[in-house]
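Dear colleague,

Please find below the structure that I am handing over to you. My notes on what was found in it follow after the display.

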Amino acid sequence: EDFSGPTLEPQFGTAEADIGFNVMQSPTGDVYMLSETENRYYTYDPEYEDSEAELHMEEDLVLSRYSKSGTLIRSSAVLEDRCDGFDYECPDDIVQPRGLYADGNGYTYVLFASSGYGCQVRKIDAAGNIVEEVYLEHCHPDLAVSAAVDTGGNIYVGQTRYDFNWEIGEYLIISSVAKYSTNGVMLWQQSSTVGVPKDITVSSSGSVYVVGDKGFARYTNSGKLTWTKPGNFEEVVVSGSNLYTRYRKDVRKYDGTGRQLWLRTQGGLNTIVLQNMDGDASGNVYLSGKYDSGGGNFNAMTRKLNSSGTVVFTKTYGTPAYDDARGIATISGSEVYVTGETQGSLAHPNIGGRDGYLRKLSSSGNTVWTR
């Protein structure tokens, strides 16, 4: 019933929580958004007046495909997970979106962690059908997991898992980086040299870059480690011939040998929180996040840096309620796509509680449309 009303066409939402997590523009120009819808309710045993309420949680991971003009082409659930029990038996998030990737052959790849399904990468064709599932063995849903896809459809995964050591009689936390073929066959696996791998990306030449809470590393396409640099990082992107990392408010630029060229700490807004980053072929960097707009209320922000680290533009938007910008993506830089969460009416009426949105920006950061 929630999705039948005409007012839902511009801004999706239900009576519960709906959040846009990731956005990706494919080489063919279409835009893909990964979002989550949540519904929770309680039931009581009518035979017992003082019975404890049973919690029912329903979370769907939804993949939507849009044209560049903002027309919705397709929207379907990639995963439907459920938890029935009491409050202490159901985690706060039974589905955790972790990544979205699109190639030039019409396939999209969704990475998620789920209390019911573990950690998986699902490959989806242009019609919305799941054609491959790569299951990450021993992956703990609450621990970091990241992935990337190269132009050939190979999948690179960084994950942290629990393994039981029988000699010492306890669990050990083990982090690794692995490559899978397009049909899910593991091609190689290496122990992580960066601690918990938080993000991974692959350059057009096949170099694999991984960042974590203890460092920054480069692997060859065949899995050979070429260098590791110490540090604490949350994200890495390849932008043209440039290499960038992000940690909280810091953006750093490196050359191919891992030598740091500059560091830019992002300011200019009160209590700024960066949440995602992407780059274009010209070496520009695009940042999404939120900032304190006053009185502890957060609004969304996007920012563009050039290859020297100079701020090209900063755009803010929001409502009197809470708003943020999470996923951000571009290919050419002439169009930028942002997704996130709004608890107000951001360009369209709020459907209920937390609503997701998709916004297109021009090369100068001006809003083209909001869905």
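Predicted model: local features only at pLDDT ≥ 70, side-chain atom pairs only at ≥ 80, totals over all residues.

Residues are numbered from 1 along each chain as its sequence is written, and side-chain values use heavy atoms, with hydrogens and water left out.

The sheet is open and consists of 4 strands in the order E25-E26-E27-E28, with antiparallel pairing. Strands (E, at least two residues) are DSSP runs numbered from the N terminus, and two of them pair if DSSP finds at least two bridges between them. Because strand E25 (323–329) and strand E28 (367–370) each have a single partner strand, they stand at the edges, and one side of each is left without a neighbour in the sheet. Within the sheet, strand E26 (residues 335–342) pairs with strand E27 (residues 355–362) in the antiparallel sense over 8 bridges. One of the residues involved is Thr339, whose bridge partner in E27 is Leu358.

The loop between E26 and E27 contains Ala347. Phi of Ala347 is near 75°, a positive value in a residue other than glycine. Ala347 is exposed, at 55% relative accessibility; exposed means over 50% relative accessible area (1.4 Å probe, protein chains only).

Arg248 lies in another part of the chain numbering, in the loop between strand E18 (242–247) and strand E19 (250–254). Its phi is near 50°, again positive in a residue other than glycine. Arg248 is exposed, with a relative accessible area of 54%.

Yours sincerely

Note on methods:
Buried < 20%, exposed > 50% of the residue type's maximum accessible area, 1.4 Å probe, protein only.
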